[in-house]
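Here is a quick tour for anyone who likes to check a model by its contacts and angles. Have the viewer open and follow along.

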Amino acid sequence: MEVQSQKRHVIAQTDSKPRNAFTKELFKNYDLYLLLVPGIIFFFVFCYIPMFGLVVAFKDYNIFKGIFDSDWIGLHHFREMLQIQDFYRIVRNTLLLNVLGLIVGFPAPIILALMLNEIRAKYFKKISQSLLYLPHFMSWVIMGGIIYNLLSPKYGIINSMMRFMGMEEIYFMIEETWWVIVYTLSSVWAGAGWGTIIYLAAMTMIDPSLYEAAVMDGAGRWKKIVHITLPGIMPTVIILLILNIGHMVSIGFEHPFALQNPVVTNISEVISTYVYSSGIKQGQFGITTAIGMSQSIINLILVLGANYFAKRLGKEGLW
C-alpha cells in the first residue's frame, strides 16, 4: 500500500509540473499573452463563426426560411458546380493567374530585400523602402485607375512614348495576352515592397560574425549573399512558399475585378468574380458556398502536400 501511494504521489507531481510551468509562464509574460487577445477575437468572430454558414452548401437555401429551416438537398450543389458551363474555364483562369503570380511575384520581394539589405546609405534606404511600401496601402480601385490611365491607347504615357519612337500603340487592356502580363506585373508592383518586410526581419537574425568571417576569407558581396544571406533566410522562404502554394485555387476579388472588362472576360473571369456575380447579384448562395468550400478543401490539401514535400527534402515546414 505504501509503495502504491508513493507511485501515485510521484505521478501527481509529474502531472502538476507542466501545469505549474504553464501557469508560471502565463503570469510571467501576461502582457504578451494579452496582445494575443484581439487577434484571437478577430479570428473567432470573422473566421470561425462564419464557418457555420457552410451548411448552406448542403441546403436549398431560402432567405425567408433561414439557414437552419431550409430543406436539405445533400451534394446537389456540388454536382451542379461541376456541370456549370464555364466552370473549368474559370478554374483554368484562376490557376493560370496564381501560377504566374507565384513564378514572377514570389521571388520579387526576396530580390528586393537582398538589394535593400546591401544599401549602406541610411536615408536613401528609408526613402526606397517607403516608396516600395506605398502601393500596398492603395486600394485596387485606385491602382486600377492608374493602370488604365498609364496604358490608355490614346492618352496613356506608355503608348505616347511608343508613338514618339515610331511604334504602333498596343491595346494592353483588351488583348488577352497583354492583360495577363499587366495583371501579373501589377501584382508584383503592389505586393513586392510589402513582402520585403518579412525577409528583412529574417536577415536581422543572421549572425554578424558570419559576415565578418567571410570578409576575412576575402568574400565579396555576391558570395556573402549566396553563401550566408540566402541560406539564413531559407527557412522563411520555405514557409512562405508553402503558404503561397496553399492559395493556388483562391484569388483575391479586388484585383481581377478592378482590371477586368467585358472584352477579356474569357481570361479575366476567376472564381472570386464568378462567386460575386452569381452569389451576390443572382442570389445563388448554395452553389457559390459549395465552390468556396471546395476551394478551402483543395487549399488545405495543397498546404499539407507542400509541407510534406518540404519535410521530405529536409527543409523546415510549418510544423
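## A serine in the hairpin, and what lies beyond

S70 has a relative accessibility of 4%, so it counts as buried (under 20% relative accessible area is buried, over 50% is exposed and anything in between is partly exposed, with a 1.4 Å probe and protein chains only). Before going further: this is a predicted model, where local features need pLDDT of at least 70 and side-chain atom pairs count only at pLDDT 80 or more, while totals for chains, interfaces and linings use all residues. Residues are numbered from 1 along each chain as its sequence is written, and side-chain values use heavy atoms, with hydrogens and water left out.

So where does S70 sit? S70 belongs to strand 2; helices (H or I, at least four residues) and strands (E, at least two) are DSSP runs, numbered from the N terminus. Strand 2 (residues 66-72) pairs with strand 1 in the antiparallel sense over three bridges, where pairing takes at least two DSSP bridges between the strands. The two strands make a hairpin, with three residues between them. K59 stands opposite W72 of strand 2.

Setting aside residues up to four places away in sequence, S70 touches K59, D60, Y61, N62 and K65, a contact being heavy atoms within 4.5 Å. A polar atom of the S70 side chain also lies 3.0 Å from the backbone nitrogen of N62.

In the loop between strand 1 and strand 2 you'll find I63. With a relative accessible area of 59%, I63 is exposed. The C-alpha atoms of I63 and F285 are 9.5 Å apart, though 222 residues separate them along the chain.

### Rings

How many aromatic pairs does a search of the whole structure find? The search turns up 13, with rings of Phe, Tyr and Trp (its six-membered ring) pairing if their centres lie within 6.5 Å; planes under 30 degrees apart are stacked, over 60 edge-to-face and the rest tilted. Here are two of them.

| Pair | Centre distance | Plane angle | Class |
|---|---|---|---|
| F58 and F78 | 5.4 Å | 40° | tilted |
| W179 and Y183 | 5.4 Å | 25° | stacked |

F58 lies in the loop between helix 2 (30-48) and strand 1 (59-62) and F78 in helix 3 (residues 76-82), so this pair ties together parts 20 residues apart in sequence. F58 is partly exposed at 23% relative accessibility, whereas F78 is buried at 16%.

W179 and Y183 are both in helix 9, four residues apart, or about one turn of the helix. An α-helix has 3.6 residues a turn, so residues three or four places apart point the same way. Both W179 and Y183 are buried. Elsewhere, F42, F43 and F46 form one aromatic cluster.

Helix 9 (residues 176-203) has 28 residues and spans 39 Å from first C-alpha to last, close to the 40 Å expected at 1.5 Å a residue; the expected span is 1.5 Å times one less than the number of residues. Where does helix 9 bend? The bend is at A192, by about 40°, taken as the angle between axes fitted to the seven residues ending there and the seven starting there.

Helix 5 (residues 107-118) has twelve residues and reaches 17 Å between its end C-alphas, close to the expected 16 Å. Its buried residues are A108, P109, I110, A113, L114, L116 and E118. Their cover includes helix 4 (87-105), helix 6 (122-133), helix 9 and helix 11 (221-245).

S250 is in the loop between helix 11 and helix 12 (254-259). Its side chain makes a polar contact with the side chain of N299 at 2.6 Å; that term means a pair of N or O atoms within 3.5 Å where, within protein, one must be able to donate a hydrogen and the other to accept it, and residues adjacent in sequence count only if both atoms are side-chain atoms. Not counting residues up to four places away in sequence, S250 touches T94, N98, Q295 and N299.

Y276 is part of helix 14 (residues 271-281), and is partly exposed with a relative accessible area of 28%. Leaving aside neighbours within four places in sequence, Y276 is in contact with F253, F257 and K281. The C-alpha atoms of Y276 and T288, twelve residues apart along the chain, are separated by 8.5 Å.
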